[in-house]
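Visitor: Could we go through this structure together? I would like to start with the aromatic residues.

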Amino acid sequence: MIKTIPWSSIDLKGKTSGQVKTTCPSCTPNRTNKKDRSLSVNIPKGLAKCHHCDVVSIRDDSPIQEKVTYKLPEQTWRNYTKLSDKIVKYCEGRGLRQSTLKDMDITEEVYFQPQLGKQVNNIVFNYFEGDTLVNKKYRSGSKNFTQTSATKPLFYNINAAVGQKEVYIVEGEFDVLAMHQCGYKNTISIPNGANDNDDFWINSERYLQDVQKFFICTDNDDKGEVVSEKIAQRLGRYRCERILFKNKDANGDLQDGEDVLKESIRDSKKYPASGTFTIEDLIDDIDSLYDNGLPDKIHPKHSCFGKLKDVFSVMRGHLCVTTGIPSHGKSNFVEWYVMNLIRDYDMKASFFSPEHHPMALHQTTFIEKFFGRSFFFDNPGCPRIKKSELKRYYDWSKEKIYITAPEDNKFPTWSWLLEKFKEQMFIYGVDIFVIDAFNKLEFDSSKDQELSRIKRVLTQLTLFAQMNNVIIFLIAHPTKMQKHEDGTYTKPTLYDVSGSADFRNQTHDGFTIYRHFKEVNDNDIYFEENDVEFITQKVKMKFQGELMGREVFKYHLPSGRYYTGNNPPVFEFDREEVVQPIESISPKEAFDLDDLPF
């Protein structure tokens, strides 16, 4: 493993903040040049690395407060460093030398394997954070795995990432050993195979923030490809390259020879993100378009959305502006639309909605949409959600829906929000961001005219979406619309959004939500009282939809769901089957201006 030194042994030159270069306590006494400041120290993060001997140091009292209290395994790993001939020979069969096992502090231990129901001998992969053992993973000879309970989720070999400009990410501990043996010592592994969850990202954040390039080396199979995309999404595709092994993984290549593994690493490919590209960079994408047709457009798949997918859809890398007269339900519709994207595409969404306060009350609107029933009241044919059912929503949403809000009563600015989005991409893997609404954030500078400030923010949002391959839904209020003699209002377009025509010009996609308060026949479409009209205002690509295309929805008040046809959808988000019939509520009962959630 990477050699570590105590934080207390470092001479910080009297500094308590910032970064400092100083002499290394590990190698300086044995060096000719004893004044060489080879140790780089980041005091705020509590990290240090020597660029001469590669030793690292991690401060125990990290400024990052953990929300969970983890248990530590017994710090007795050094008592188990002797390996049996059987394990050494097994690893040699995988191309791994005994010296590699020693370098990586691989140990051997008799431990209970739950799947086998008994104590067996295991290879032990020790997870270190600094010099502290934070987790132990046990692998039996029959390929069963278990680990110490309630310990800290962390990338395996995380010490190897400290102070590095480049880091390799693999999908298993044996792959780390294979990479280490071939000289790629700056390699870490996700701790749970192809499972990409939030906890180990949260705990590893400070070690990876300053890395300039990541080589994603997950398994060369369908699951490995899925997790590689999720990792690239978190880290930012612009700083990632993909490595595909000749075999399934790094250890598989090593068994064919170190040269095979090194050749796979040399053949890394960039993720399409930013910069300059030649035709050679795009050949695979062009061939894919020819063979498979147009790129995927994203839309809710449930039949309750009717023909909406034919008139409107979104794509990754796009900004989508939504407008509508106040109380016409634009926020509520976006929430319903996004929740279905989360369900249908295994995505994650963050909602910045300061009007929807307190946050717990805002969550009840998601809970109602999740179950298709009211959080607070019984309704005819639609009973109230039971308290015992809430855990199902908690389990489903805990790594899918996030609320963004400023702390300490600070007024949010656009620069704060974009930094928060970057953080959420990295830690949580969020790929949909909802901003509700544009006028709820303060501009970072008041020197320019309002038009210039709006244009700058919209440019930042479109670039953020493109560079990070995410979808941004921006809700923006229109100016006061003209009122007609019959009491109705003109339907707003994106050009009517308050402040600037750039809301139409700069966005990739956009739509209007318009509620009809009375029966009307509008351009050969009949609307009943309280029907909600969806109108496509813009799509970047022609195949995404139809300019001025329309779909008519009804609104189910108990659940906040929108639907086409006669009956509200009855599915629950964590179940495929129909579990609860819901009787349709008449339009006159369904809508009361004062009853709309937001």
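**Aromatic pairs and packing**

Guide: In this predicted model, F370 and F573 are both buried.

Visitor: How many aromatic pairs does the count come to?

Guide: The count comes to 46 aromatic pairs. One of them is the stacked pair of F305 and W336, at 5.8 Å centre to centre with 15° between the planes.

Visitor: Which parts does that pair tie together?

Guide: F305 lies in the loop between α8 (279-292) and α9 (308-311), and W336 lies in helix α10 (residues 330-345), so the pair ties together parts that are 31 residues apart in sequence.

Visitor: Is F305 buried or exposed?

Guide: F305 is buried, with a relative accessible area of 2%. W336 is buried as well, at 0%.

Visitor: And how are the rings of F370 and F573 arranged?

Guide: They are stacked, 6.0 Å centre to centre and 25° between the planes. F370 belongs to helix α11 (residues 359-371) and F573 to the loop between β24 (561-563) and α16 (587-590), so this pair ties together parts 203 residues apart in sequence.

Visitor: Turning to helices, at what angle do α13 and α14 pack?

Guide: Helix α13 (residues 414-428) and helix α14 (residues 450-468) pack at about 10°, with axes 11 Å apart. That angle makes α13 roughly parallel to α14.

Visitor: Which residues meet there?

Guide: W414, L418, F421, K422 and M425 in α13 meet V457, Q460, L461, F464 and N468 in α14. By class, this contact has seven nonpolar residues, two polar and one charged.

Technical notes: Residues numbered from 1 in each chain as written. Predicted model: local features only at pLDDT ≥ 70, side-chain atom pairs only at ≥ 80, totals over all residues. Heavy atoms only, no water. Axes fitted to C-alpha atoms, helices over the stretch in contact; angles between N-to-C directions. Helix = DSSP H or I, 4+ residues; strand = E, 2+ residues; numbered from the N terminus. Parallel < 35°, antiparallel > 145°, perpendicular 65-115°, else oblique. Contact = heavy atoms within 4.5 Å. Nonpolar A, V, L, I, M, F, W, Y, C, P; charged D, E, K, R; others polar. Phe/Tyr/Trp six-rings, centres within 6.5 Å; stacked < 30°, edge-to-face > 60°. Buried < 20%, exposed > 50% of the residue type's maximum accessible area, 1.4 Å probe, protein only.
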